[in-house]
Amino acid sequence: QVQLVESGGGLVQPGGSLRLSCAASGIIFSMYDMGWYRQVPGKQRELVARLNGIGNTNYADSYADSVKGRFTISRDNTKNRVYLQMTSLKPEDTAVYYCNTVPPSPTDGWGQGTQVTVSS
């Protein structure tokens, strides 16, 4: 069963940057496609960035249109970690951010997430 611990969120002004980190355990991390999701109250959780695992021949990253060009996902398979570098942050990026496999397991849970608030 996968365990996920997100960190790095906080309060930042519009135009600022943050780097989120996620530590994963309980899976052969390098083989899994990993993603960052976000959720605001009253809305469904959405996938904003994904990076394929080495088991996927299309080893590439992809992004939601709303964050393309501003967010960068990366991973360190030696540390079982996935990162999200966020730049040029906007108030609409305010959300709780989660990492998980892509797609997420229907039986495994989610981590606690990390709150990102973009406000002046």
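The radius of gyration used here is taken over C-alpha atoms, and the globule rule is 2.2 Å times the number of residues to the power 0.38. With 120 residues, that rule puts a compact globule near 14 Å, and the protein has 14 Å, so the two agree. This is a predicted model: local features need pLDDT of at least 70, side-chain atom pairs count only at pLDDT 80 or more, and totals for chains, interfaces and linings use all residues. Residues are numbered from 1 along each chain as its sequence is written, and side-chain values use heavy atoms, with hydrogens and water left out.

**Whole chain**

Color by secondary structure to begin. Along the principal axes, the C-alpha atoms fill a box of roughly 40 × 25 × 25 Å.

Of the 120 residues, 42% count as buried. Buried means under 20% relative accessible area, exposed means over 50%, and partly exposed is in between (1.4 Å probe, protein chains only).

Next, pick out the charges. There are 11 positive and 9 negative side chains, and the centres of the two sets lie 3 Å apart. Lys and Arg count as positive and Asp and Glu as negative, while His and the chain ends are not counted. Each charge is placed at NZ of Lys, CZ of Arg, CG of Asp or CD of Glu.

Among contacts with a separation of 6 or more, residues 24 or more positions apart account for 53%.

In soluble globular proteins, nonpolar side chains tend to be buried together.

Center on Tyr97. Neighbours within four places in sequence aside, its contacts include Glu6, Leu20, Trp36, Arg38, Phe71, Met86 and Val116.

Jump to Ile73, in strand β7. Ile73 counts as buried, at 4% relative accessibility. Beyond four places in sequence, Ile73 touches residues including Met34, Trp36, Leu51, Tyr63, Val82 and Leu84. For a distance check, Leu11 is 62 residues away in sequence and 20 Å away in space, C-alpha to C-alpha.

**Buried spots in loops**

Which loop holds Leu89? Leu89 is in the one between β8 and β9, and it is buried, with a relative accessible area of 2%. Ser17 is 72 residues from Leu89 in sequence, yet their C-alpha atoms are 6.2 Å apart. Other contacts of Leu89 include Val12, Pro14, Leu18, Phe71 and Val118.

Then select Asn52, in the loop between β5 and β6 (61–63). Asn52 counts as buried at 7% relative accessibility.

Zoom in on Val102 and Pro103, joined by a cis peptide bond with omega of about -5°. Pro103 lies in the loop between β9 and β10.

Asn80, in the loop between β7 and β8, has a positive phi of about 55° although it is not a glycine. Asn80 is partly exposed, at 25% relative accessible area. Ser88 also isn't a glycine and has a positive phi of about 45°; Ser88 is partly exposed, at 40%.

**Last stop**

Finish at Gln1, in the segment before β1 (3–7). Gln1 is exposed, with a relative accessible area of 60%. Setting aside neighbours within four places, Gln1 is in contact with Ser25, Gly26, Thr107, Asp108 and Gly109.

Conventions. Contact = heavy atoms within 4.5 Å. Helix = DSSP H or I, 4+ residues; strand = E, 2+ residues; numbered from the N terminus.
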